[in-house]
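Work through the exercises below with the sequence and the model open. Try each task before reading its solution.

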Amino acid sequence: MKKIAAINDLSGIGRCSLTVALPIISALKVQCCPFPTAILSSQTGYPEYTFLDFTNHMNDYYHVWKNLNANFDCIYSGFLGSKEQVDIVCKFICENKDSFVIVDPVMGDEGKLYPVFDDDMCKKIKNLVKHANLVTPNLTEACLLTNCEYKKDTFSELEILDIAKNICNLGPQKVIITGIISEDNIINLAYDKDLNKHFVTSIKYNNKSYSGTGDIFTSIVSGLLMRDFSLEDATKEATKFISETVNYTSQFDTNRNDGVMFENFLHMLTKL
């Protein structure tokens, strides 16, 4: 069985980060080995939460893995809250040279940096991306990685493809730019540098937005790539799953911070 080291925070309430990566990757018949960066009572979108920074424990954590001769087929990195954490993850990647590296370069959304980030942190994330085989930025993050001016819904497909190619020029072989709103659709554009091929997946946009859907998307892609699915097929399956869960959840009056009710759809993944 393949193993993924999933580096992210863990929230007790709110379907995001490791809270979704663990069941999603496990449902895909891949072992998920959590590597926490922080532990929260509830994700930060809620009006109240506790926060335990795990930075000072991360080196000891992975050194135990090293002493146990743990090997990982994939390293999947999500939200990192400090420059120190980025450095630790870069070192961990360099010491696991045979691992396929997936980086979700979490920095911002809707054209804005998240409040905990600044230009120096963006430079650190860009350096982390250089170590990746695949990166999965949203459109805002793709623009930040390439110093491109963000335009919410006026990019053409060719312009987005150029951004994807410029991201690959940083080092990765593959990129998926997610959550691009185009008219009544949400588009994901994937590009494979080795094949010099790109493709687009699209779902209807119902004007609903939920926390954690990006984490679910990348977790599905990570698991399926470890199962030898192509990038195109993995992206299509992840897009379909997000569409089903968002449409279902939108029937109920829930807090967007709760995320999508993905638990009702795990059977879709176990059949893959």
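The exercises go from the whole chain to single residues.

The model is predicted: local features need pLDDT of at least 70, side-chain atom pairs count only at pLDDT 80 or more, and totals for chains, interfaces and linings use all residues. Residues are numbered from 1 along each chain as its sequence is written, and side-chain values use heavy atoms, with hydrogens and water left out.

**Exercise 1. Overall build**

Task: Count the helices and strands of the protein chain, then check its radius of gyration against the globule rule.

Solution: 
- Step 1. Take the DSSP runs, numbered from the N terminus: helices are H or I with at least four residues, strands are E with at least two. The protein chain has nine helices and 11 strands.
- Step 2. Apply the rule over C-alpha atoms, 2.2 Å times the number of residues to the power 0.38. For 272 residues, a compact globule would come out near 19 Å; the protein chain has 17 Å, which agrees.
- Step 3. Set up the principal axes. The C-alpha atoms fill a box of roughly 50 × 40 × 40 Å.
- Step 4. Classify by relative accessible area: buried is under 20%, exposed over 50%, partly exposed in between (1.4 Å probe, protein chains only). Buried residues make up 49% of the 272.
- Step 5. List contacts, meaning heavy atoms within 4.5 Å. Among those with a separation of 6 or more, 68% join residues 24 or more positions apart.

**Exercise 2. The cover of H1**

Task: Find the buried residues of helix H1 and state what covers them.

Solution: 
- Step 1. H1 spans residues 17-27. Its buried residues are Ser17, Leu18, Val20, Ala21, Ile24, Ile25 and Ala27.
- Step 2. Recall the helix geometry. An α-helix has 3.6 residues a turn, so residues three or four places apart point the same way.
- Step 3. Look for the cover. It includes strands S1 (3-13), S2 (31-42) and S4 (74-77). Helices H7 (213-226), H8 (231-249) and H9 (266-270) also contribute.
- Step 4. Step past the helix end. Just after H1, Lys29 takes a positive phi of about 65 degrees.

**Exercise 3. The partners of S10**

Task: Which strands pair with S10, and in what sense?

Solution: 
- Step 1. Locate S10 at residues 185-192; six of its eight residues are buried.
- Step 2. Require at least two DSSP bridges for a pair. Strand S9 (residues 174-182) pairs with S10 in the antiparallel sense over seven bridges. Here Val175 stands opposite Tyr191.
- Step 3. Check the other partner. Eight bridges join S10 to S11 (residues 197-204), again antiparallel. Asp192 has Lys197 in S11 as its bridge partner.
- Step 4. Inspect the turns. The S9–S10 hairpin has two residues between its strands, and Glu183 there has a positive phi of about 55 degrees. The S10–S11 hairpin has four, and Asn196 in that turn has a positive phi of about 50 degrees.
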